[in-house]
Amino acid sequence: MSSAFAIDVRGVTKKFGTRTVVNNIAMQVRPGEIYGFLGPNGSGKTTFLRMLCGLLTPDGGEGKCLGLDFRRESPEIKKRVGYMTQKFSFYEDLSIEENLEFIARLYGMPNRKAAVQKSLERLGMVERRKQLAGALSGGWKQRLALAACLIHEPQLLLLDEPTAGVDPKARREFWDEIHQLAAGGLTVLITTHYMDEASRCHRLAYIAYGNLLAHGTVAEVVKFGGLTTWEISGDNLAALADKIRKLPGVEQVVAFGTALHVSGRDEKKLSASLAPFMTGSQRWEKIEAGLEDVFISLMETAKDNYA
Amino acid sequence: MVQFIGNMSFTFHRFFAIVMKEFIQMRRDRLTFGMMIGVPMIQLILFGYAINSNPKHLPTAVFAADNSPFSRTLIWGLQNSSYFDLTREAHSVAEINTMLAENKVQFAVTIPVDFSRKLLRGEKPNLLLEADATDPSAVGFATAAVSQLATTVINRDLIGPLTKLRASAPPFNIVSHQHYNPESISQYNIVPGLMGVMLTMTMIMITGLAITRERERGTMENLLSTPVHPAEVIIGKIVPYIFVGYVQVTLILLAAKFLFNVPIIGNVPLLLALVLLFIVANLTVGITFSTIAKNQLQAMQMAFFFFLPSLLLSGYMFPFRGMPVWAQNIGECLPLTHFLRIVRGILLKGNGINEVAPDLWPIALFVAIMLAIGIKRYRQTLD
Ligand SMILES: Nc1ncnc2c1ncn2[C@@H]1O[C@H](COP(=O)(O)OP(=O)(O)OP(=O)(O)O)[C@@H](O)[C@H]1O
Ligand SMILES: [Mg+2]
């Protein structure tokens with residue numbers, strides 16, 4: 001590989017009509033890394049993934065994907081990439097086994113039968129191989145889709161919200177498998193809306209309105225967000241929340257079951273505004289900002305800048 | 001275009017993957033599969049049995065302006081021929097026209113005032129046979145029956161000194177007017193023609209859905225993310241339906257021979273070989289439509305948009321030579337027109353490859369153009 005990165009692209013841009021959906025995005029992903037891709041609905045995540053694997057033609061940008069020019073060599077890239085679409089897109093009128101066989105044939109697997117068998121075993125679907133894909137529950141569909149994406153032993157996995165609507169246990173198993181695969185050298189670019197999943201990524205990128213707002217490890221992103229967060233626990237939190245919400249420097253007031261998180265980027269202003277309330281019976285504690293708070297803060301800023 | 005052909009060449013394993021998948025899906029989709037086999041059978045039975053190509057006892061009006069023994073003999077002869085039921089008697093030309101227009105009778109026979117006088121003088125009078133030829137197949141045989149009558153019946157009355165009027169030619173002229181439709185279709189046209197019509201309808205409709213269905217169900221995104229080549233997808237989707245087309249052709253040929261006794265005098269293997277070209281022509285139309293249509297409904301509408309002119313301008317419904325030149329020109333561009341000539345030529349006239357060749361290359365040209373459009377229109381991306 002000519003580049004030290006599995007994905008190394010710059011200036012990637014996509015317009016639909018006059019709307020810029022992906023705006024000048026750069027991304028570098030190291031081999032064997034699990035890279036999280038986050039952003040609000042409609043921020044351009046799916047569009048970006050589609051451009052990477054040649055499903056959409058970019059309006060701008062350059063760079064390499066698996067050492068190949070991502071704009072000119074997409075036929076070659078397709079052979080080495082496994083792309084799992086956001087919406088289940090295997091054939092519902094084909095059985096599990098037939099879907100896997102179809103994909104194995106398309107990629108010209110030399111040992112097709114063995115590959116399908118191995119995949120069925122890993123899925124735990126050997127007995128259900130004859131079941132139609134359309135009859136599977138949502139969680140099983142996701143697992144089938146993942147298995148089908150892996151059958152040709154790709155070097156890069158692009159997963160578009162693979163765990164949407166999947167129960168916590170299945171999600172954990174899914175992530176365990178992703179980590180195993182990454183340990184084996186597979187690069188994974190994964191989009192998600194779940195914060196716990198974001199924190200299971202080696203590094204992540206956050207986009208909103210087509211713009212890359214932050215990237216790095218979780219700690220780096222949190223630091224970049226520059227949020228100060230106070231956690232308040234005790235009684236009368238709802239009343240307190242109403243009082244402080246409009247104060248200068250207070251950007252987010254988020255109620256949890258037994259606690260309130262108050263955050264803002266300007267630490268001095270925030271503390272000055274909150275100081276008069278710290279006398280009550282509640283317990284006040286400065287904590288590290290959560291990823292979610294950081295993302296929401298980033299998005300609010302982006303809204304002011306771009307929208 | 002050149003670029004992706006350069007980068008990715010057609011490979012058999014990917015093509016075969018598509019073929020296998022299409023076969024499985026076809027088998028699972030009972031409704032479509034039933035339609036592919038059931039529709040031709042239903043049509044065959046409807047067209048074949050409901051259309052009696054040699055109908056008898058057709059309602060006939062007689063206007064005998066000349067009340068002579070010859071007239072009476074003629075009328076008796078008509079009645080006896082079993083083609084005509086003399087259900088009405090008319091007293092004027094106007095009355096006859098009304099009866100024809102109101103669909104009361106299929107035929108009207110007018111025996112002019114001076115019929116017997118002219119006949120006796122050897123002047124060959126006219127006997128007017130008017131037919132409602134909106135249903136032309138009903139007319140042909142009956143008209144022929146009248147000519148027969150002319151010689152056999154009248155000769156019985158030409159005895160004694162009148163024997164000299166007997167001639168090999170009838171002693172009077174039959175002037176036959178076919179109203180509403182100047183040309184008749186021969187009966188055997190229908191079943192072989194049906195083969196072409198069936199193939200056009202089912203092949204275009206089913207493949208018309210083939211790619212739009214993938215797009216609507218979202219499976220296209222997956223397919224496009226694999227290294228599959230447009231030609232592999234398009235040809236891979238065509239092949240299973242070639243097989244279906246042959247099942248239909250076989251059914252129709254068997255029915256033509258054993259149910260409808262269509263005289264098959266031509267070379268059936270030759271026909272089966274040439275049918276391939278026609279099937280492929282229709283499949284490429286369907287595939288091309290489905291690369292253009294945004295959804296399955298649009299694909300269906302486009303299929304009908306193509307099917308209707310094929311049905312009307314190919315010479316299946318109306319005689320080709322009876323159409324205005326512009327319509328003939330459109331007809332010449334449609335594969336069905338040429339296929340009808342081929343199939344009728346081979347089955348009914350016993351034509352060989354040399355005779356049908358002029359109708360082969362237009363279909364081949366059509367396939368080449370459609371395939372080029374289809375492959376060009378097939379999007380390798382989702383833009
Ligand atoms: N083919 C298309 N034509 C026009 N607009 C499109 C097309 N595909 C996507 N868009 C628009 O581009 C924007 C980005 O869409 P995209 O699917 O990339 O968002 P996303 O980040 O994946 O969102 P989500 O989290 O909801 O999946 C959306 O506003 C969408 O409406
Ligand atoms: Mg998306």
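This is a predicted model: local features need pLDDT of at least 70, side-chain atom pairs count only at pLDDT 80 or more; totals for chains, interfaces and linings use all residues.
Colleague: How far apart are the end C-alpha atoms of H14(B)?

Modeller: H14(B) has 15 residues, which should span 21 Å at 1.5 Å a residue. The model agrees with that, the separation being 20 Å.

Colleague: Which residue just after H14(B) takes a positive phi?

Modeller: The phi angle there is about 70°. The residue is B:Gly350.

Colleague: Where does H15(B) bend?

Modeller: H15(B) covers residues 353-377 and reaches 34 Å, close to the 36 Å expected. The bend is about 40°. A proline, B:Pro362, follows within four residues of the bend, which is at B:Asp359.

Colleague: Is B:Asp359 among the buried or the exposed residues, and what covers the buried residues of H15(B)?

Modeller: B:Asp359 is buried, and so is B:Pro362. Other buried residues of H15(B) include B:Phe366, B:Val367 and B:Met370. The cover over the buried residues includes chain B helices H10, H11, H12, H13 and H14.

Colleague: What is the volume of the largest cavity?

Modeller: The count comes to five cavities of 30 Å³ or more. The largest holds about 70 Å³.

Colleague: Which element gives the most to the lining of the largest cavity?

Modeller: The lining includes A:Val81, A:Gly82 and A:Tyr83, with B:Asn222, B:Ser225 and B:Thr226 from chain B. Strand E6 (81-84) and helix H5 (138-150) of chain A each supply at least two residues. The top contributor, with three residues, is E6(A).

Colleague: How many charged residues are in the lining of the largest cavity?

Modeller: By class, seven lining residues are nonpolar and five are polar. The charged count is no residues.

Colleague: How many charged residues line the second largest cavity?

Modeller: This cavity has a volume of about 50 Å³. Its lining includes B:Lys21, B:Glu22, B:Arg213 and B:Glu214, along with A:Tyr91. Two lining residues are nonpolar, two are polar, and the charged ones number six.

Colleague: Why does B:Glu221 count as buried?

Modeller: B:Glu221 sits in helix H9 (residues 219-224) of chain B. The cut-off for buried is under 20%. B:Glu221 counts as buried because its relative accessibility is 11%.

Colleague: Which residues does B:Glu221 contact, leaving aside neighbours within four places in sequence?

Modeller: One contact is in chain B, namely B:Leu382. From chain A come A:Arg50, A:Leu55, A:Tyr83 and A:Thr85.

Colleague: What percentage of chain A is buried?

Modeller: Chain A has eleven helices and 14 strands. Its C-alpha atoms fill a box of roughly 70 × 45 × 35 Å. Of its 307 residues, the buried part is 54%.

Definitions and conventions
Residues are numbered from 1 along each chain as its sequence is written. Chains are lettered from A and ligands numbered from 1 in the order in which they are written. Side-chain values use heavy atoms; hydrogens and water are left out. On a 1 Å grid over the protein atoms alone, a cavity is a set of points where a 1.4 Å probe fits but cannot get out, and a pocket is an open set with protein on both sides within 12 Å along at least five of seven lines; lining residues have an atom within 4 Å of a point. Grid points are joined across faces, edges and corners, and a volume is the space filled by probe spheres set on the points. Ala, Val, Leu, Ile, Met, Phe, Trp, Tyr, Cys and Pro count as nonpolar, Asp, Glu, Lys and Arg as charged, and the others, Gly among them, as polar. The expected span of a helix is 1.5 Å times one less than its number of residues. The bend at a residue is the angle between axes fitted to the seven residues ending there and the seven starting there. Buried means under 20% relative accessible area, exposed over 50%, partly exposed in between (1.4 Å probe, protein chains only). Contact means heavy atoms within 4.5 Å.
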